[in-house]
Amino acid sequence: MAVPPGLPVVIVGGLHADARGAAVARLLADVPGSVALHHDLSTAAAGTVVRTIRDASGLLDAGEAPLVNDCACCALREDLVPELERLRDAGATRLAVVELWDSVEPKCMAEVVTAGGLTVSGVITAVDPALVLPYLGNGDDLADGGLAAAATDQRTVADTFARQLEYAPVLAIADSPEADEEDRELLAQLHPTARQVLIGQDVPAEPADDGLTVPTPRRRALSPLAQAALAGFDVEAAAAAQHPACALLPAEADAHGVSTLVWSRRRPFHPERLYAALEDLTCAAARSRGRFWLADKPDTLFHWDAAGGALCVESAGPWLASLPDAAWEMVPPVRRAAAALDWHPEHGDRGQHLVFTSPGLDRDGLERLLESCLLTDAEYAAGRDAWQRLPHAFDTLLEV
């Protein structure tokens, strides 16, 4: 596989710094003429962000970018594209590897690079399988560990790690002796569509004429990780895939002590009963996500996003069924297609679709709790006018 013309840019991120560093080093070694750019946001307290550029032989250049609006991540955005343009115009770089700082999320950087007129050839999150559950269960604020990207950064370790993991179509997997089958199964169930590539995986040897295998060091074939870095990446499609209405969520699974429960229903939640059950539902699984429907707000699609014992609930806009026909043309085709695949004759695209993934998941207990939060037969039969008079239990949470 040849390196495409121009300056392809691969983004490598992840909170697992050792795995990330190993993935970047492997790419630099595998692709001649590649360089890695890294902005160290840990120096932001001193008022600047330190930028380094290196290749497989070592450091090539270092500089500083001033903070923008007291935001280290904003400084990264302002400085990254000009540096990439400089490398492109110089013409000597075959691949630019953007190594993100620990808590920087790949989605925003992929969109920044694309908006700057450059080509994102791949997005990779580096992962140590033994650290997946500890990070996914870590509800500490990033700021507590010196990992915040701005003074106003209120993200947690768990939700940041989850987004880093689930956005990338490629996971670079570190060789971790501490990882067991449960760790690897958890990773597979959290992001079943991801291409997993071992960081140390070499180009397969080719069979010789005598049927034996021989190494082929002179062929300049790219390793699986380098191939993944250059496979291509659609920023718009990746953004659409994050919307709760059309996200490709995990399917039912149960192996090596890890389970994924997919729970879908065509009846709205009673807002008060669901609100009372939030803590138990949030703590029931290492990771849960999806979309849900509240009886008192029948036209609003709500996003469910939980990790590390913390839950984020927010409006994701209207259900398509609540829109006039003329407004459908303004909706992305992928959203219309997703709704059409699961359209209900009475409720349209309204419904519950929540996915819970965890070791030791109490599937039966979780299903009973979810079912208890739905409208009863009598409440459902009372109709929408009655539903909207139910207690608006989520109003305070949604205003936060």
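Predicted model: local features only at pLDDT ≥ 70, side-chain atom pairs only at ≥ 80, totals over all residues.
Arg363 belongs to helix α11 (residues 363–372) and Glu252 to the loop between α8 (235–240) and β11 (253–255), so the pair ties together parts that are 111 residues apart in sequence. Helices (H or I, at least four residues) and strands (E, at least two) are DSSP runs, numbered from the N terminus. Glu252 has a relative accessible area of 42% and is partly exposed; buried means under 20% relative accessible area, exposed over 50%, and partly exposed in between, with a 1.4 Å probe and protein chains only.

A salt bridge also joins the side chains of Asp395 and Lys297, at 2.6 Å from N to O. Asp395 lies in helix α14 (residues 395–399), whereas Lys297 lies in the loop between β13 and β14, so this pair ties together parts that are 98 residues apart in sequence. Asp395 is partly exposed at 27% relative accessibility, while Lys297 is buried, with a relative accessible area of 19%. Salt bridges with shared partners join Glu105, Asp153, Arg155, Asp159 and Arg163 into one network.

The count of salt bridges comes to 25. Arg51 and Glu83 also meet through their side chains in a salt bridge (3.8 Å, N to O). This pair links distant parts of the chain, with Arg51 in strand β3 (residues 48–55) and Glu83 in helix α2, 32 residues apart. Arg51 and Glu83 are both buried.

## Basis of the model

Residues are numbered from 1 along each chain as its sequence is written, and side-chain values use heavy atoms, with hydrogens and water left out. Local features need pLDDT of at least 70 and side-chain atom pairs count only at pLDDT 80 or more, whereas totals for chains, interfaces and linings use all residues.

Glu185 is located in helix α6 (residues 181–190). Glu185 is buried but has no salt bridge, and the nearest side chain of opposite charge, that of Arg184, is 9.8 Å away. For charge, Lys and Arg count as positive and Asp and Glu as negative; His and the chain ends are not counted. The Glu185 side chain does make a polar contact with the side chain of Gln189, at 2.8 Å. A polar contact is a pair of N or O atoms within 3.5 Å; within protein, one must be able to donate a hydrogen and the other to accept it, and residues adjacent in sequence count only if both atoms are side-chain atoms.

The buried residues of α6 include Asp183, Leu186, Leu187 and Leu190, together with Glu185 and Gln189.

## The largest pocket

The largest pocket holds about 1,100 Å³ of space. Among the 44 residues that line this pocket, Arg163, Glu166, Tyr167, Gln242 and Arg287 are the closest to its centre. Two or more lining residues come from each of α3 (106–115), α5 (157–167), β13 (287–292), β14 (300–307) and β15 (310–318). β15 gives the most, with 6 residues.

By class, the lining of the largest pocket has 21 nonpolar, 11 polar and 12 charged residues. Ala, Val, Leu, Ile, Met, Phe, Trp, Tyr, Cys and Pro count as nonpolar, Asp, Glu, Lys and Arg as charged, and the others, Gly among them, as polar.

On a 1 Å grid over the protein atoms alone, a pocket is an open set of points with protein on both sides within 12 Å along at least five of seven lines, a cavity is a set where a 1.4 Å probe fits but cannot get out, and lining residues have an atom within 4 Å of a point. Grid points are joined across faces, edges and corners, and a volume is the space filled by probe spheres set on the points.

## Enclosed cavities

A search of the whole structure finds 2 cavities of 30 Å³ or more. The largest has a volume of about 80 Å³, and its lining includes Ala245, Arg291, Leu301, Trp319 and Asp349. Helix α10 (residues 333–341) gives the most to this lining, with 3 residues. The lining has 5 nonpolar, no polar and 4 charged residues.

The second largest cavity has a volume of about 30 Å³. β2 (34–40), α2 (72–90) and β5 (95–99) each supply at least two residues of its lining, and β2 gives the most, with 3 residues.

Conventions. Salt bridge = Lys/Arg side-chain N within 4 Å of Asp/Glu carboxyl O.
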